[in-house]
Amino acid sequence: MQNREIFKHMITSKDIEQAILGRFMEGVEPAGEVSGAPVFFACPEKIVEICRFLKSEPGLEFNYLASLTAVDYPHGFEVVYHLYSISKKAYVTLKVKSGKDAPCVPSVTSVWLAADWQEREVYDMFGINFSGHPDMRRILMDQDWQGYPLRKDYVEE
Amino acid sequence: MIKTEEIQINMGPQHPSTHGVLRLILTLDGETVTNAMPDIGFLHRGIEKLAERRTYTQIVPLTDRTDYLSSMLDNEAYALAVEKLMGVEVPERAEFIRVIMMELNRIASHLVFIGAYGLDIGASTPFIYCFREREEIMNLFEMACGARLTYNYIRPGGVSRDITPEFVENAKAFIKRLPSMLDEIDDLLSRNQILVIRSRGIGVVSAEQAVSYAMSGPSLRASGVPMDVRRDDPYSVYSKLDFNVITLNDGDCLARYLARPMEIRESIKILNQALEMLPQGEYTAKMPKILKPPAGETYTRIESSRGDLGVYIVSDGTASPYRLHWRPPSFINLAAVGEMIKGWKIADVVAILGTLDIVLGEVDR
């Protein structure tokens with residue numbers, strides 16, 4: 001439907017890419033576009049800094065952490081951040097790769113309060129630890145549940 | 001000296017005003033809540049895991065069961081995501097039917113909120129009034145798809161069957177009657193002294209806090225943030241329809257309550273236009289029996305009755321999604337509740353929780 005495309009972004013994917021790459025020499029690389037939003041792979045050490053930059057940089061203002069989730073790929077986990085800028089009406093997607101053994105990614109709870117429960121859910125379902133999270137416990141499953149249900153190698157009882 | 005100490009009490013999971021199976025662990029100092037810890041997951045059915053084992057068509061009934069008070073909107077969010085992945089063009093008639101169903105469902109859901117919030121703070125009559133009107137909407141849905149709660153109606157490509165001229169007629173008659181009923185609700189409840197006193201200035205959330213918690217829907221707009229996906233990133237045919245985004249500034253329980261009846265009036269506006277503009281044509285696009293979207297991913301948002309509902313699908317080109325994630329507005333709005341009720345009296349807890357309008361089916365999935 002054409003109507004869905006009528007909406008014009010006030011900043012383009014190109015602007016976002018230039019802003020990010022202009023500020024970060026390394027630790028972040030562009031990976032195309034998904035549903036009109038630019039995608040970037042960030043290295044775990046940089047993710048908090050990148051998020052803080054995207055949130056507070058005038059002209060970007062990605063102040064809304066729409067969604068935080070993870071995917072279990074054969075090559076490892078990817079934590080996916082969907083950010084939204086309320087004032088610019090633009091989206092950006094960040095991805096952080098993490099290995100299969102003792103996966104750990106820095107928490108972005110210091111940037112957005114919304115990360116609190118969503119990171120707990122990812123921990124609950126994938127067993128990815130978020131370092132620096134104030135309350136890293138299971139949220140949907142029982143506290144004494146064994147295993148991480150959304151991992152592909154999870155065996156149901 | 002009398003010895004005093006803080007006590008801990010459990011509210012729920014079996015408590016009528018937690019609107020489902022939510023457990024709040026409250027620490028009380030006298031009547032004041034000093035700490036609140038929500039405990040969720042009692043209704044967890046592993047829908048995201050189930051989805052990985054089903055075909056794209058079989059997932060539609062699962063979406064009915066997340067936010068069961070507005071299943072049409074959940075159907076739409078999922079259908080839209082699959083259509084985006086597959087690059088399907090939905091016929092215009094189907095788009096209008098969808099908008100009609102979604103707005104009717106939004107009204108039904110808000111009516112449950114108004115009734116239930118009245119009950120929460122002690123007014124039992126408006127509940128019956130709201131359910132009487134909601135019944136009309138249920139009848140309309142039953143007429144369109146045979147189901148009253150879990151519709152499985154909006155599917156990738158269009159809708160499951162066409163609506164009849166009789167449906168349009170009945171819907172128009174209902175929409176004509178609804179405003180006077182809303183006036184009645186305003187007299188009974190919105191201007192009710194007890195409701196106003198128990199809600200004004202209670203559970204205030206600042207705009208900044210609401211955005212940081214990524215709250216959405218009426219709960220966010222009541223804090224003065226005018227975010228509505230229908231207007232900001234229009235999907236379906238919303239860009240052809242004229243409506244206002246209800247934004248209030250107080251951020252208290254009263255604002256969150258008032259936002260809903262006002263939004264119903266906007267939905268009526270949308271419905272009036274959509275029912276008039278409803279074109280002739282196909283009610284669904286030609287879809288293959290087995291849906292196999294090409295490998296790729298999408299993140300799609302819609303404005304559900306509770307807020308920003310996102311669907312994230314990763315497809316590997318097979319008949320089942322590799323990963324399907326819902327961004328459930330109830331879950332994310334509820335994350336703020338601990339901070340929101342801290343410092344308020346125990347009697348305010350039900351009011352604050354009530355105005356967040358959560359559905360536990362969506363929180364726990």
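**Close-up views of a two-chain predicted model**

View 1. Leaving aside its neighbours within four places in sequence, Glu282(B) is in contact (heavy atoms within 4.5 Å) with Pro91(B), Arg93(B) and Ala94(B). The model is a predicted one, in which local features need pLDDT of at least 70 and side-chain atom pairs count only at pLDDT 80 or more, whereas totals for chains, interfaces and linings use all residues; side-chain values use heavy atoms, with hydrogens and water left out. Residues are numbered from 1 along each chain as its sequence is written, and chains are lettered from A and ligands numbered from 1 in the order in which they are written.

**View 2. Helix H6 (residues 165-190) of chain B packed with helix H11 (residues 253-277) of chain B.** The two helices pack at an angle of about 160°, with their axes 10 Å apart; axes are lines fitted to C-alpha atoms, for helices over the stretch in contact, and angles run from 0 to 180 degrees between N-to-C directions. H6(B) is therefore roughly antiparallel to H11(B), a term for angles over 145 degrees, while those under 35 count as roughly parallel, 65 to 115 as roughly perpendicular and the rest as oblique. H6(B) passes H11(B) in a left-handed crossing, meaning that the near helix is turned anticlockwise from the far one by less than a right angle. Among the residues that make the contact are Val168(B), Ile175(B) and Leu182(B) of H6(B) and Tyr257(B), Ile264(B) and Leu271(B) of H11(B). By class, the contact of H6(B) with H11(B) has 15 nonpolar, two polar and five charged residues (Ala, Val, Leu, Ile, Met, Phe, Trp, Tyr, Cys and Pro count as nonpolar, Asp, Glu, Lys and Arg as charged, and the others, Gly among them, as polar).

**View 3. Helix H4 (residues 92-120) of chain B beside H6(B).** These helices pack at an angle of about 25°, with their axes 12 Å apart, and H4(B) is thus roughly parallel to H6(B). Their crossing is left-handed. Residues of H4(B) including Ile100(B), Leu104(B) and Gly118(B) meet residues of H6(B) including Phe167(B), Phe174(B) and Leu189(B), and the contact divides into 13 nonpolar, one polar and no charged residues.

**View 4. An open sheet of three strands in chain B.** The strand order is S1-S2-S3, with antiparallel pairing, and two strands pair if DSSP finds at least two bridges between them. Strand S1 (7-11) and strand S3 (32-39) of chain B stand at the edges, each with a single partner strand, so one side of each is left without a neighbour in the sheet. Between S1(B) and strand S2 (residues 23-29) of chain B there are five bridges, and Ile9(B) has Leu26(B) in S2(B) as its bridge partner. Helix H14 (residues 346-356) of chain B packs on the sheet, touching S1, S2 and S3 of chain B.

**View 5. The hairpin of S3(A) and S4(A).** Two residues join S3(A) to S4(A), and nine bridges link strand S3 (residues 64-73) with strand S4 (residues 76-85) of chain A, which run antiparallel. Tyr64(A) stands opposite Tyr84(A) in S4(A).

Key. Helices (H or I, at least four residues) and strands (E, at least two) are DSSP runs, numbered from the N terminus.
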